[in-house]
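Open the model in your viewer and keep the selection tool at hand. This tour tells you what to select at each stop, and what is there.

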Protein chains: 4
Amino acid sequence: MNRTIRTDLALEAEALWRESRSGGAPEGVRARREKRGAFAVTTVEVLDDRGEAALGKPRGTYVTVELDALIRREENAFPEACALLAEALRALLPLSPGDACLVVGLGNRAITPDAVGPDAVDYVMVTRHLREQLPEDFGAFRPVCAVCSGVLGTTGIESGSLVRAVTDTVRPAAVVAVDALASRSPDRLCRTVQIADTGIVPGSGVGNARQALNRETLGIPVIAVGVPTVVDAATLTLDLASRGGVSPDPQAFGEAGGMIVTPREIDKSVRDVSKLIGYALNLALHDGLTIEDVDMFLS
Amino acid sequence: MNRTIRTDLALEAEALWRESRSGGAPEGVRARREKRGAFAVTTVEVLDDRGEAALGKPRGTYVTVELDALIRREENAFPEACALLAEALRALLPLSPGDACLVVGLGNRAITPDAVGPDAVDYVMVTRHLREQLPEDFGAFRPVCAVCSGVLGTTGIESGSLVRAVTDTVRPAAVVAVDALASRSPDRLCRTVQIADTGIVPGSGVGNARQALNRETLGIPVIAVGVPTVVDAATLTLDLASRGGVSPDPQAFGEAGGMIVTPREIDKSVRDVSKLIGYALNLALHDGLTIEDVDMFLS
Amino acid sequence: MNRTIRTDLALEAEALWRESRSGGAPEGVRARREKRGAFAVTTVEVLDDRGEAALGKPRGTYVTVELDALIRREENAFPEACALLAEALRALLPLSPGDACLVVGLGNRAITPDAVGPDAVDYVMVTRHLREQLPEDFGAFRPVCAVCSGVLGTTGIESGSLVRAVTDTVRPAAVVAVDALASRSPDRLCRTVQIADTGIVPGSGVGNARQALNRETLGIPVIAVGVPTVVDAATLTLDLASRGGVSPDPQAFGEAGGMIVTPREIDKSVRDVSKLIGYALNLALHDGLTIEDVDMFLS
Amino acid sequence: MNRTIRTDLALEAEALWRESRSGGAPEGVRARREKRGAFAVTTVEVLDDRGEAALGKPRGTYVTVELDALIRREENAFPEACALLAEALRALLPLSPGDACLVVGLGNRAITPDAVGPDAVDYVMVTRHLREQLPEDFGAFRPVCAVCSGVLGTTGIESGSLVRAVTDTVRPAAVVAVDALASRSPDRLCRTVQIADTGIVPGSGVGNARQALNRETLGIPVIAVGVPTVVDAATLTLDLASRGGVSPDPQAFGEAGGMIVTPREIDKSVRDVSKLIGYALNLALHDGLTIEDVDMFLS
């Protein structure tokens with residue numbers, strides 16, 4: 001029974017459903033896959049209750065970009081991936097000119113596979129205070145602010161509560177929340193970005209689920225940007241066993257508990273994909289910006 | 001004119017006043033110095049408007065502990081300094097058993113001399129969530145939560161606003177805010193801790209002053225814990241010139257702008273004093289705790 | 001066929017041999033397991049060519065200590081584990097009083113699962129220069145020096161060549177080389193230490209094999225201290241498949257290429273076991289030292 | 001008496017000599033200052049014994065580039081500064097095509113103002129092993145290797161001995177040694193680079209002098225690349241007092257002992273100038289390379 005295979009990616013959930021039913025698509029779900037330049041983009045729409053039940057994901061739009069051309073270090077892959085992600089972000093972010101945006105880095109900077117959120121925030125151009133301090137230079141920028149919410153174990157406060165406290169104070173028009181995810185497949189780790197207009201449950205990727213960040217809880221749109229950085233070793237075990245048509249050896253399963261599958265160069269992989277997300281967010285949030293402008297601002 | 005010499009330490013402000021008047025104590029100020037074990041403790045009380053005007057500090061009690069015995073690495077200096085700081089904290093912290101406390105690390109972790117606040121928070125035992133999750137193990141602990149407020153340049157949000165948002169959500173009985181300070185004297189750097197019941201203005205130590213964190217702005221007591229980590233090079237210049245009885249060379253003064261005086265081993269010094277503050281806070285906030293208990297909790 | 005399952009641990013190689021033959025012990029190998037205090041200690045001796053062929057390891061003694069009591073955070077587990085490892089190190093280290101020792105940290109500090117060697121060196125008491133500078137204080141200490149050899153990709157020089165250059169200059173009586181290893185079993189990661197008198201091939205744990213560091217290449221005894229921090233995801237796949245009695249799905253195997261299985265909290269786990277190794281080395285190298293002495297020296 | 005003012009910069013030593021003699025240039029020294037693009041370049045040649053005695057520096061050529069245009073973040077300042085430094089390095093580096101070069105990072109990565117050497121090495125393209133492994137891709141690159149020699153306190157081995165051991169093994173045609181320096185003037189910190197063909201004494205910048213690295217000790221040319229990151233607070237005190245025409249207050253002088261003057265944002269300043277040096281070295285060592293090539297190689 002595939003449901004115990006854990007994935008935060010809608011495109012994997014959709015594929016699992018189809019595998020389990022030997023073909024056919026779940027009702028209430030629309031999925032399409034296309035090629036944009038060097039990158040594969042999959043859009044999964046969960047349309048109604050049937051779709052939610054089939055995939056175990058809230059309704060909304062999930063856009064997944066696969067970064068294989070970037071990983072192969074093809075020429076111009078970084079600027080092209082930035083532009084593609086920025087376009088996908090703009091399509092889901094309902095912001096008018098001048099609307100403020102809050103970027104939230106979820107996860108724990110001290111645990112490398114959980115550091116995507118805080119690391120991405122390091123690359124976000126924070127402009128809210130500059131518009132006030134230097135209006136002649138920064139008046140044309142969107143007001144953007146950013147926080148890392150920490151994790152319950154380091155703050156004693158739910159990420160959800162902290163973010164709600166900040167949005168009540170700052171009153172942005174939308175939130176973008178960046179977090180690490182879990183996937184089913186080792187070959188997607190650190191090379192896939194999912195953007196969804198559904199909000200996010202902090203920590204569902206690599207820890208316990210906490211209070212959701214979404215339109216219901218915050219009163220404003222919440223765009224989730226996620227990157228799978230781990231496969232549960234238990235998921236890998238189950239998955240391999242199910243493909244082999246055998247029951248998994250309980251001892252092997254137990255051994256895998258608390259373990260994760262991750263790229264060998266996880267430190268560098270997380271840093272690279274975090275930079276990509278930060279840069280794409282900057283291009284999405286401010287009009288007419290170039291990668292060189294971002295380089296200059298952040299240096 | 002000594003007022004341009006910058007110091008965040010009340011005991012230095014009091015000494016500067018006396019120097020400028022050739023002896024005699026300012027009215028509205030009470031100062032006493034005593035030896036407790038191996039450490040010198042100075043208590044400066046600013047009693048009224050005259051005291052505030054004389055020292056340029058809000059009224060309240062400022063306790064300064066000089067850590068020279070610790071720096072000389074005398075036997076048992078670490079546990080004794082912890083116990084002494086914990087006692088001073090308890091005397092100023094108006095907490096009843098079970099009252100929640102929020103610890104705030106002010107400053108910028110990426111700038112070493114400004115990292116005391118965030119670094120100290122790394123050593124604070126965060127217990128608020130554990131009381132709920134594991135009441136049998138942690139029911140006797142005070143609920144403590146902790147946040148690092150970042151700095152305006154990295155979040156786009158005033159530290160004061162962020163902390164107010166968190167206190168409105170968490171509703172602690174008191175706040176302890178830890179920050180780096182500026183002093184007049186190089187030989188106090190990283191070897192003096194000031195504890196005050198006056199609250200604090202974030203960033204006054206090593207940057208621009210922002211909104212105050214105090215009883216007026218937060219509605220609850222705010223204890224400030226500060227460590228001088230820098231002397232403005234401009235202050236050093238002015239100070240040396242005034243002692244030499246000459247006007248400072250304007251060129252030398254200009255050269256010193258934007259420069260700081262700091263211990264050569266600033267990285268290690270900041271880490272060491274941050275650990276001391278975190279441990280002392282734990283002993284002050286929880287009854288009957290030992291240093292070994294803190295070691296075990298944090299490891 | 002089990003030989004494709006990768007392990008750097010002699011005790012796993014011995015167990016694999018027995019599994020593949022349905023019981024019986026390999027000839028030319030002696031293995032015994034005992035309990036010392038809270039810890040399980042396994043000693044595998046590879047006695048001759050037959051043993052080398054059976055286990056794929058050079059002849060010599062391999063002592064493995066399992067740290068489960070430490071991971072469970074039992075009382076006094078850290079000092080007991082230190083003492084036990086120090087005793088095992090002394091038994092294999094042929095040093096007379098006053099003999100110099102060189103500690104080498106192999107691996108790449110920038111890749112967390114490969115950082116055990118460099119991180120352990122941070123906890124080693126370096127005394128060689130102090131004996132000369134402060135003979136009255138440090139005359140009784142063994143002269144110990146330490147280097148991190150980096151990795152070929154960051155230096156352009158083989159670790160083996162670098163270490164040989166240093167031993168030719170420093171002329172120690174023995175080398176201790178600390179490195180990360182690969183194991184077969186996820187539940188041994190960061191909780192097992194192997195000490196061997198056979199020397200080591202740098203990078204065999206998590207990268208390509210390089211020139212050996214051993215008595216043949218350096219002319220002095222080389223003690224290897226290793227900690228498994230990763231399981232090849234490919235090894236996990238193969239291992240699970242072989243236990244399930246099925247051929248592994250080639251696609252799943254391919255997906256796992258370049259991936260590792262590691263503890264979720266790898267950053268903290270590596271730091272903790274590195275500290276343990278550094279402390280144990282200090283106790284082994286200097287007579288009459290306590291853990292408090294090491295704390296004081298390193299602080 | 002100005003000789004107690006400490007500086008590692010030849011251009012400051014020359015200026016101090018002239019100040020102390022009220023004009024006139026020291027014999028045996030030739031100095032010229034010119035503007036190249038946006039940058040001031042000063043070349044000081046110490047020609048003979050008289051010059052050595054006057055400046056307290058060994059004979060040779062010292063080229064100093066002032067990076068003010070880079071600090072002001074003028075357009076194209078980074079590539080222009082790289083090109084200018086690369087040209088100065090090539091003029092002093094006696095390398096034929098295909099000659100191997102060893103880059104040495106001196107200093108202590110854990111002490112920020114002393115980390116220029118190790119940090120610069122992080123940006124050096126290490127190619128020696130690639131030429132052998134991938135001759136078709138890297139056959140045209142010069143063989144470059146790199147080591148960080150650590151400091152005596154962390155290795156127990158003199159930097160000089162370690163570097164000599166490495167050069168004996170690797171046999172490069174020249175060494176480039178990168179280190180932090182001390183200057184007299186706060187406004188040069190992290191914004192000046194000195195390139196000299198004289199070799200270097202490791203640790204003379206921010207610690208005790210150790211064995212020299214130069215043609216006499218290594219048998220090959222040694223180019224020193226240095227960046228002032230600190231002013232001794234004692235030097236600042238003395239310097240200000242001498243300019244004011246008064247004897248320094250002994251107490252103020254004492255207070256400044258062990259303290260340094262450094263830019264407030266020392267962490268970022270050191271990182272930025274280290275990157276510049278690494279990139280300039282790459283352009284100097286390999287023909288026809290662009291900054292984009294270096295970006296790509298290092299990413």
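## Stop 1: a helix and its cover

Select helix α1 of chain D, residues 10–20. Its buried residues are A10(D), L11(D), E12(D), A13(D), E14(D), L16(D) and W17(D). Keep in mind that you are looking at a predicted model.

What covers these buried residues?

Now go past the end of the helix. S22(D) follows α1(D), and its phi is positive, near 55°.

## Stop 2: a strand residue in chain B

Move to chain B and select strand β2, residues 39–46. Pick out E45(B) within this strand. Is E45(B) buried or exposed? Its relative accessible area is 18%. Buried means under 20%, so E45(B) counts as buried.

Next, show what E45(B) touches, leaving out residues up to four places away in sequence. You will find G28(B), V29(B), R30(B) and R32(B). G60(B) and T61(B) also touch E45(B).

## Stop 3: two helices in chain B

Stay in chain B. Select helix α13 (residues 266–285) and helix α14 (residues 291–298). At what angle do they pack? The angle is about 110°, and the axes are 10 Å apart. That makes α13(B) roughly perpendicular to α14(B). Their crossing is right-handed.

Now show the side chains where they meet. From α13(B), take Y279(B), N282(B) and L283(B). From α14(B), take I291(B), V294(B), D295(B) and L298(B). By class, this contact has 5 nonpolar, 1 polar and 1 charged residues.

## Stop 4: where chains C and D meet

Select helix α9 in chain C and helix α9 in chain D, residues 159–170 in each. Their axes come within 9 Å and cross at roughly 125°. The two helices are therefore oblique to each other. The crossing of α9(C) and α9(D) is right-handed.

Which residues make the contact? On α9(C) they are S161(C), L162(C), A165(C), V166(C) and T169(C). On α9(D) they are S161(D), L162(D), A165(D), V166(D) and T169(D). Colour them by class: 6 are nonpolar, 4 are polar and none are charged.

## Stop 5: a loop residue in chain C

Select C190(C), in the loop between β6 (174–182) and β7 (192–196) of chain C. C190(C) is not a glycine, yet its phi is positive, about 60°. At 6% relative accessibility, C190(C) counts as buried.

## Stop 6: a loop residue in chain A

Go to chain A and select N76(A). Where is this residue? N76(A) sits in the loop between α3 (68–71) and α4 (77–92) of chain A. N76(A) also has a positive phi, about 65°, although it is not a glycine. With a relative accessible area of 47%, N76(A) is partly exposed.

## Stop 7: along helix α4

Select L92(A), in helix α4 of chain A. L92(A) is buried, with a relative accessible area of 16%.

Leave aside its neighbours within four places in sequence, then show its contacts.

Now draw a distance between the C-alpha atoms of L92(A) and N108(A). The two residues are 16 positions apart along the chain, and these atoms are separated by 26 Å.

## Stop 8: helix α11

Select D239(A) in helix α11, residues 233–244 of chain A. D239(A) counts as buried, at 2% relative accessibility. Leaving out residues up to four places away in sequence, D239(A) touches I5(A) and R184(A).

Draw one more distance, from D239(A) to S159(A). Their C-alpha atoms are 31 Å apart in space, and the residues are 80 apart in sequence.

## Last stop: the whole of chain A

How many helices and strands are in chain A? There are 14 helices and 9 strands. Of its 299 residues, 59% count as buried.

Chain A exposes about 11600 Å², and carbon and sulfur atoms supply 49% of that. Finally, think about contacts in chain A with a separation of 6 or more: residues 24 or more positions apart account for 70% of them.

Definitions and conventions:
Residues are numbered from 1 along each chain as its sequence is written. Chains are lettered from A and ligands numbered from 1 in the order in which they are written. Side-chain values use heavy atoms; hydrogens and water are left out. Helices (H or I, at least four residues) and strands (E, at least two) are DSSP runs, numbered from the N terminus. Buried means under 20% relative accessible area, exposed over 50%, partly exposed in between (1.4 Å probe, protein chains only). Contact means heavy atoms within 4.5 Å. Accessible areas come from the Shrake-Rupley method with a 1.4 Å probe; for residues, only the protein chains shown count as cover. Axes are lines fitted to C-alpha atoms, for helices over the stretch in contact, and angles run from 0 to 180 degrees between N-to-C directions. Angles under 35 degrees count as roughly parallel, over 145 as roughly antiparallel, 65 to 115 as roughly perpendicular and the rest as oblique. A crossing is left-handed if the near helix is turned anticlockwise from the far one by less than a right angle, and right-handed if clockwise. Ala, Val, Leu, Ile, Met, Phe, Trp, Tyr, Cys and Pro count as nonpolar, Asp, Glu, Lys and Arg as charged, and the others, Gly among them, as polar.
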